[in-house]
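I am opening my notebook on a structure that is new to me.

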Amino acid sequence: MTSLFISYSRKDIESARKLTEAFKGQNLDFWIDWEGIPPTVDWWKEIERGIEEAGIFLFLISPDSAKSKVCKQEIDHAIKNGKRLIPVIVRDIKADETPAELGHLNWIFLRENDDFDSAFTKLITAITTDFEWVQAHRQLQIKALEWQRGNYENSFLLRGKELQDAELEISTNSSKEPHPTDLQREYVLKSRQVSDKQRRNTTTIAIAGVIALAVLAVYGFVQAGLATKNAVEANKQAATAQAASTLAFNNAATAEANANIALARQLAAQAISLQQNDLQLSLLLGVEAYNTADTTQTRSTLLSNVNKHSRLLGFLGTQGESTDGASVSISPDGKVVAAAGVNHSIVMWSMEDQQPIGKPLIGHTLIISSLSFNPDGKILASAGQDGTIILWNATTHEQINQLFSDYRIIDSLAFSPDGKLLAAGGNDGLIALWNIDTGELIGKLQSDNYLIGPEVTFSPNGKLIASTSTSCTNEDTGTKCQSKIILWDAASYSPIADLPSNVARLWDISFSPDSKSLAAGGENGVVIWDISSDNFTMKLIDQTEVQSLSFSPDGNILATGGQSITLWDLNSQEKIGQPLVGHSSIITSLKFSPDGKKLVSGGCNFNAITKIELCDKGEVMLWSVENSSPIISPIFFKNSQSVYEIATSPSGDLLLVNDHGNMIIWDVVLKKKIGQLTKCSDDQSSGRLIAFSPNGAYIARQCKSNEIIYVWDTSTSQVVNEISIDEVTNFAFSPNNDLLAIRQQDQIIIWDLSTNKPNNSTLSVESDKWNYLVGFSPDGKTIAASSCNADQPDIGCEPKILLWDVASSQLLYELTVKGRAGMIHAFAFSPDGNVLASGGGGNGVQGGDSSIIIWDLATGNPIGRPLKPLTGIIFDVTSLSFSPDNKMLASSDFSSGIILWDVITHQVIDQFQSEVAFVTFSASGKNLLVDTYGTVSLWDLDPASWSDISCERAGRNLSAEEWMQYFTNTEYRATCPQWPLAP
């Protein structure tokens, strides 16, 4: 989230740039329109959103900004949303020209002749004053606006602790700037009213108990009035009744919380069970489970749904109703998807935001079986079981013409490459050719003895027409069918070749983009012919039933659809990754986007004999062809010739990469190089020791045969310390960045970076030459080091972690892994310093154990049982990292990959199979930085983001019937606010 919105005149752009550069040095977030508005976005709406999401409105005053109409609109919108205003003078202005809204405020002068550093310090002080309330006010205003724009839907309202916090903020800050807005007060009040109403539904029994107890209390008071001698006893009864009343209310709240957890557990289990057969419903139930109770199970369900179908982009607007969802087509420019919708209509969808364009196209009376855009994308042709072909203006959505056929059902449509002809295949075995300009039927193609309706397509070079043809005979063993492909000369309309398929029935055909190959999919496989010569050689690449197929624009990939979608590498004829699973019905239509990056699929129930679609729940889904995850963003790709060496700052914001010997500093957020170390840049040796300071301001790296440690300032890439010391095995910064703990096998030297000398403390470690770990606790008061008391750890030793008091150099205690052999490969302190996690490695040692242990640093004892993954064993833990809120622990190892653990319950949230070098949480805790020996990636670990992804993919809300099934006593509301409620 941004915290500052900067309003300025274009003539003051240099002042604005100087100011924003200074803000970057202060780690302040800001929104300014040269950075914040992407191309093609509605400019003023983006400005409004920037103001609404900012905590402070910073106005650069000058003669030009004072006269600017746009700046005036920005001021008005900031005031409307209760933003805190800070005026900054960048050029002198007459008093009567000052915007009236800013005249009463204290100005900060940042003119060219002013002392910039002094003025900037005043500005920072003004910005950070009561910053927590500013942040809370901003967040509350954003949520209130979402509620208002969502037609005041209850699903946007606050609940539980979030509601309590908002009520407290409003009551305690009502007299502060910025003042709570009327909308905020109304929003919080409505949230309380709805919350109380829901609470009453679940606490009726508890309240009845409270009433009974209250009656007892009244009775006690009456008795006290009747007899003075009973006053003391009556008071006791009243106190008891009051305590009982309070307890009853607390029990009611506890009961409600437990009921929510139980419901959330049930919803999460149902969501998991539906992942294969009804992914859309699974996504929605996963969101509802998390909204009901934030638990390990509900987080795990959200993440599982997001990762299980990594290539899924979304469902296109199906509502679980009877649809004609089997037919899809993509416009030649890749911007629009046409899909058969509810009640035999056609819906046009934007590929960019997956939103419908205009109203549905109405014209057909029965199921729509085929859709096709003409080559310039201006016309959309549709056909169906009513025997009618309709030509639509793809821009205005108006009908251009209707072409009436003699068929009862039309199975397929195809435009010629020049757009002049439209071919239509019907269930009488004929292919009709229509002149698009005149609407005239100019010919029919038919072969002998082949009776089942054909699929038809033109070759991209316009020279050929291909059609399927199937004949069936009744035999003692049942009906036997055989299909073939007929190639027609597109100029003379005469057949030139019959291509036997060895497939009983063919359901779809497609030419490769270069017109040299022809693929056909059917009842028992996929066949590809080489038609570049007269030999027409054939090969079978799959033997499962395929209902649809499509070539990628570059001709390298073939997508085939049946029960699932398979992507084939046509060069190797091997499958690409895992099948794309998510449709609950047969996939009868597939289309690649023109850039080859997306794939649209249509699914529908299907009668394999009559080839009649029975769409009681048609589905249209959008997929990413690239093998990517919606929660993983690659940051840095290592060249295969680069020397492996990567390190990350504790906050996860910076990377140090040894790329061909060049030590490059990367900004993770900006995904770009921000510096290069001035020494060791020619050192291509891998495995050098590297450490970031906790605040990321410094980097220490070992150079020159392990005899020198250089310390760099990351902002300048200049060396600030040079430490000459040999036989160094590891080192770590203290939290305040002034000390470096340097390990030399069996001792630790504390190096004072301010004097560039060791202090008087040297810590003795009984250790072998293999255990090198060293680190400071978050408060800097404790140093931890690993130890394994054996000369050859492959024989076996008892691993332990030693902890010293930094001030006194006294050994506090040893954390010993009793009865286990091996080494400590990784350890990490929790951010609050209360616990420490350690992970080992068996390395083939007999009795070696690599499980993860959570240690209580107050007692020196393990907390609960060691952590074990869902399947398999942990082998050689490579890294451990706690989330900043202490709730999650991330581990990496060579066997199980990445595992996310719930720190309290020790349960696995999710597990990702991948060979990982290290993982570390970002400072916000919402991201995980992952190095997978080839790519450094940023993983999104914010459950709210997983919920958003699930909603975006689902493309709808629960229907009223589905809601009643899962929430019998709760008012029907939207699970995903961006989608409308089902009618």
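I began by writing down my terms: buried means under 20% relative accessible area, exposed means over 50%, and partly exposed lies in between (1.4 Å probe, protein chains only). I am reading a predicted model, where local features need pLDDT of at least 70, side-chain atom pairs count only at pLDDT 80 or more, and totals for chains, interfaces and linings use all residues. Residues are numbered from 1 along each chain as its sequence is written, and side-chain values use heavy atoms, with hydrogens and water left out.

**Entry: charged pairs**

Side chains of opposite charge can pair when their charged atoms come close. I took a salt bridge to be a side-chain nitrogen of Lys or Arg within 4 Å of a carboxyl oxygen of Asp or Glu. With that rule I got 18 salt bridges.

I looked up E288 and found it bridged to R973, with the closest N and O atoms 3.0 Å apart. E288 sits in helix α12 (residues 279–292) and R973 in the segment after α15 (960–966), so this pair ties together parts that are 685 residues apart in sequence. Is E288 buried or exposed? E288 is buried, at 0% relative accessibility, and R973 is buried too, at 10%.

Next I checked D498, which forms a salt bridge with K484; their closest N and O atoms are 2.6 Å apart. D498 belongs to strand β21 (residues 495–500) and K484 to strand β20 (residues 478–489), 14 residues apart. D498 is partly exposed at 43%, whereas K484 is buried at 11%.

I then turned to E814 and K800, whose side chains meet in a salt bridge at 3.6 Å, N to O. E814 lies in strand β51 (residues 811–816) and K800 in strand β50 (residues 799–805), so the pair ties together parts 14 residues apart in sequence. I noted E814 as partly exposed at 37% and K800 as buried at 12%.

**Entry: a sheet**

In what order do the strands of the open sheet of 4 strands come? I read β22-β23-β24-β25, with antiparallel pairing; two strands pair if DSSP finds at least two bridges between them. β22 (506–511) and β25 (537–542) stand at the edges with a single partner strand each, so one side of each has no neighbour in the sheet. I also found 5 bridges joining β24 (residues 525–530) to β25, and the bridge partner of W529 in β25 is M538.

Technical notes: Helices (H or I, at least four residues) and strands (E, at least two) are DSSP runs, numbered from the N terminus.
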